[in-house]
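Keep the sequence and the model in view while reading.

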Amino acid sequence: MNNQLQTIVVNDKSFNIYLNNKTFNPTGTSDILLKSAIPFIENKNKNILDLGTGSGVLTIALSHFKPKLNFYSSDLSISSYKLSNLNYKKNNLQVINKCGNLFEPWGQFKFDYIVNDVSGISSKLASVSKWFNSVPSDSGIDGTKLTTKIIKNSKKYLNKNGIFFLPVLSLSNHKKTISYLSKNYKYSKKIGSKFWVMPKEFMKNDKNKNLLFLLKKKNQIDFQIKFGIYTWQTDIYASSDRKFF
């Protein structure tokens, strides 16, 4: 496992971070998640958790736009934990970083903001995706296994009036996730959205294409076909028990 220094652009700003093949690398979802969340995050002494931090790029980027926050992050992967620590040090950032499953490392501690970037696509698609080359995915066939668990437990870790940010991908049962948000929070709002061209590895053979259509038929994922181009969508949701918009 070799760490390689790379330049990553998030919210139109460049950051130098180390990446390796044992850690989930930043994607466009991380970028649209940050862009969408920033307007709803106050730049003052409040606690923010980057859940599923991976390389730590989201926290590093946030620190440039909201430097007065108190930063916390965690990831299940020991490789991600070590790599994010390395990247925090390189970027001279003080972060309380922990290794563990979802919210378990945080005990009774609470946050004003939680930004969730834990995988939320169908595990069937994750198995053929370059996004998950050496990184395990336990998201379930419809991609909601971890997401619904995180939504359910997130309120326990939010201070009163706190906000929970979540990317909802159409490469999962997005309707189920959105419904689950509305059942657990008084207010949920879509604050960002972006369409993407389907990854080439999903289309490279009939087996993969048949899998796409099978999952779509079962309402486990969704995608669009326009002028012969397959596209999917990321929506960013913010949820809270106070009206924040």
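Contact means heavy atoms within 4.5 Å. S170 touches I221, D222, W232 and Q233, leaving out residues up to four places away in sequence.

This is a predicted model, in which local features need pLDDT of at least 70, side-chain atom pairs count only at pLDDT 80 or more, and totals for chains, interfaces and linings use all residues. Residues are numbered from 1 along each chain as its sequence is written, and side-chain values use heavy atoms, with hydrogens and water left out.

**Single residues**

S170 lies in the loop between strand 7 (158–169) and helix 6. Helices (H or I, at least four residues) and strands (E, at least two) are DSSP runs, numbered from the N terminus. Burial is judged by relative accessible area: buried is under 20%, exposed is over 50%, and partly exposed is in between (1.4 Å probe, protein chains only). S170 has 5% relative accessibility, so S170 counts as buried.

N208 sits in helix 8 (residues 206–217). N208 is buried as well, with a relative accessible area of 8%. Apart from neighbours within four places in sequence, N208 is in contact with V128, E201 and F202.

F24 belongs to the loop between strand 2 and helix 1 (28–37). F24 is partly exposed, at a relative accessible area of 26%. F24 and Q94 are 70 residues apart along the chain, and their C-alpha atoms are separated by 22 Å.

Most residues other than glycine have a negative phi.

**Helix 3**

Helix 3 (residues 78–90) has 13 residues. The expected span of a helix is 1.5 Å times one less than its number of residues. For helix 3 that gives 18 Å, and its end C-alpha atoms are 18 Å apart, which agrees.

Which residues of helix 3 are buried? They are S79, S80, L83, S84, N87 and Y88. These residues cover an arc of only 160 degrees around the axis, so they lie on the same side of helix 3. The arc is that of the directions from the helix axis to the C-beta atoms. K82 and K89 are exposed on the other side of helix 3. The buried residues of helix 3 pack against strand 2 (13–19), helix 2 (57–65), strand 4 (70–75) and strand 5 (96–99).

**Helices 5 and 6**

Helix 5 (residues 145–154) and helix 6 (residues 174–184) pack with their axes 10 Å apart, at an angle of about 10 degrees. Helix 5 and helix 6 are therefore roughly parallel to each other, a term for angles under 35 degrees. Axes are lines fitted to C-alpha atoms, for helices over the stretch in contact, and angles run from 0 to 180 degrees between N-to-C directions.

Helix 5 contributes T147, T148, I151 and K152 to the contact. Helix 6 contributes K176, T177, Y180, L181 and N184. The residues of this contact divide into three nonpolar, four polar and two charged. Ala, Val, Leu, Ile, Met, Phe, Trp, Tyr, Cys and Pro count as nonpolar, Asp, Glu, Lys and Arg as charged, and the others, Gly among them, as polar.

Definitions and conventions: Angles under 35 degrees count as roughly parallel, over 145 as roughly antiparallel, 65 to 115 as roughly perpendicular and the rest as oblique.
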